[in-house]
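Subject: Structure handover

Hello,

Here is the structure I promised to pass on. Please open it first, then read the notes below.

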Amino acid sequence: METFDRIVLFIPHSSDNLDRTQWTGDIDRAIDRWTDWHTDKLFRSDDDRVTSVIFPYSRFYCDVERLIDDPMEKVGQGIAYRSIEGCERVLTDAQIADIYSKYDSIHATLEDVARPGSLIIDCHSFPADLNDEIDICIGFNEDATKPHDDVLNLVTEHFAIAGLKVGINTPYSNSMRVEKDIPTLMIEVNKRVYLQDDGKTPNTDFAKINSLIGCLYTKLLSDVK
């Protein structure tokens with residue numbers, strides 16, 4: 001099976017850091033629902049071959065998962081969100097420039113650390129009501145960045161053996177990629193798997209899921225350091 005010299009964790013949505021005064025309406029409701037709470041800790045590893053690229057701002061300040069000229073721009077949910085669940089945001093030219101500067105910076109960092117021999121893991125969580133039957137979602141792109149089937153099978157079986165129901169490209173599909181054709185896959189964890197009913201506080205299984213993910217890294221990494 002293909003193994004990797006390094007795993008690069010891309011963690012874009014774990015922060016709720018933003019200027020809430022830019023928004024009208026109850027933006028905190030959207031933040032609570034759509035922030036990938038604690039994924040920076042859930043996917044964390046002490047292995048020095050695992051590198052985290054963590055965006056320190058909320059997706060509702062700058063969504064670094066969106067593309068330039070993203071189709072979601074049409075509904076106000078591109079790189080610079082302007083509308084979400086009844087909340088609205090009007091931005092100045094200076095604010096837009098700052099948003100795109102932060103977008104460019106985090107992507108430059110990802111491009112730099114994702115070298116040949118790496119596997120990018122795009123780290124997320126999703127609300128249980130989107131698909132309560134799926135515990136773990138594995139996503140990938142149907143292009144040159146798709147990992148080999150044996151890698152995808154290993155990842156799927158790793159979670160399935162632990163008793164978790166795995167969805168392939170459901171409820172979400174695709175994965176963050178860089179300009180180089182570095183293999184990339186997305187792992188989305190159902191929030192009810194690792195959070196309490198409030199959707200924000202780690203539950204008693206948090207450490208177990210973190211350990212399970214860490215064991216997956218060990219399987220994916222080359223034995224040669």
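Start at proline 171, which sits in the loop between S8 and strand S9 (184-190). A cis peptide bond joins threonine 170 to this proline, with omega at about 10°. Most peptide bonds are trans. Keep in mind that this is a predicted model.

Backbone, continued

One is aspartate 69, with phi at about 60°. Aspartate 69 belongs to the loop between S3 and strand S4 (83-84). It counts as exposed, at 70% relative accessibility. The other is glutamate 85, with phi at about 50°. Glutamate 85 falls in the loop between S4 and strand S5 (87-89). It is partly exposed, at 33% relative accessibility. Most residues other than glycine have a negative phi.

The sheet

The model has an open sheet of 6 strands. Their order is S3-S1-S6-S9-S7-S8, and the pairing is mixed. Strand S3 (50-54) and strand S8 (166-168) form the edges, each pairing on one side only. From one strand to the next, the twist averages 25°. Inside the sheet, look at strand S1 (residues 6-11) and strand S6 (residues 118-126). They pair in the parallel sense over 5 bridges. Phenylalanine 10 stands opposite aspartate 122 of S6. Strands of a sheet pair through backbone hydrogen bonds.

The core

The largest nonpolar core holds 65 residues. Phe60, Ile121, Phe159, Ile187 and Leu220 have the most contacts inside it. Helix H6 (residues 206-220) gives the most to this core, with 7 residues. Which residues does phenylalanine 159 contact, leaving aside its neighbours within four places in sequence? They are Ile136, Ile138, Leu164, Val166, Ile187, Leu212, Ile213 and Leu216. In soluble globular proteins, nonpolar side chains tend to be buried together.

Cysteines

The disulfide count is 0. The cut-off for a disulfide is 2.5 Å. Cysteine 62 is in no disulfide either, as the nearest cysteine sulfur, in cysteine 123, is 18 Å away. Cysteine 62 is buried, at 0% relative accessible area. Cysteine 215 is partly exposed, at 41%.

Salt bridges

There are 18 salt bridges in the structure.

- Aspartate 132 and arginine 192: the closest N and O atoms are 2.5 Å apart. This pair links distant parts of the chain, 60 residues apart. Aspartate 132 is in the loop between S6 and strand S7 (136-139), and arginine 192 is in helix H5 (residues 191-194). Aspartate 132 is partly exposed at 46%, and arginine 192 is partly exposed at 33%.
- Arginine 44 and aspartate 46: the closest N and O atoms are 2.9 Å apart. Arginine 44 is partly exposed at 48%, whereas aspartate 46 is exposed at 66%.
- Arginine 177 and aspartate 181: their side chains meet at 2.9 Å, N to O. Arginine 177 is partly exposed at 33%, and aspartate 181 is partly exposed at 47%.

Salt bridges that share partners also join Asp16, Arg20 and Asp28 into one network.

Best wishes

Terms used: Residues numbered from 1 in each chain as written. Predicted model: local features only at pLDDT ≥ 70, side-chain atom pairs only at ≥ 80, totals over all residues. Heavy atoms only, no water. Buried < 20%, exposed > 50% of the residue type's maximum accessible area, 1.4 Å probe, protein only. Core = buried A, V, L, I, M, F, W, Y, C linked by side-chain atoms within 4.5 Å. Helix = DSSP H or I, 4+ residues; strand = E, 2+ residues; numbered from the N terminus. Contact = heavy atoms within 4.5 Å. Pairing = 2+ DSSP bridges. Axes fitted to C-alpha atoms, helices over the stretch in contact; angles between N-to-C directions. Salt bridge = Lys/Arg side-chain N within 4 Å of Asp/Glu carboxyl O.
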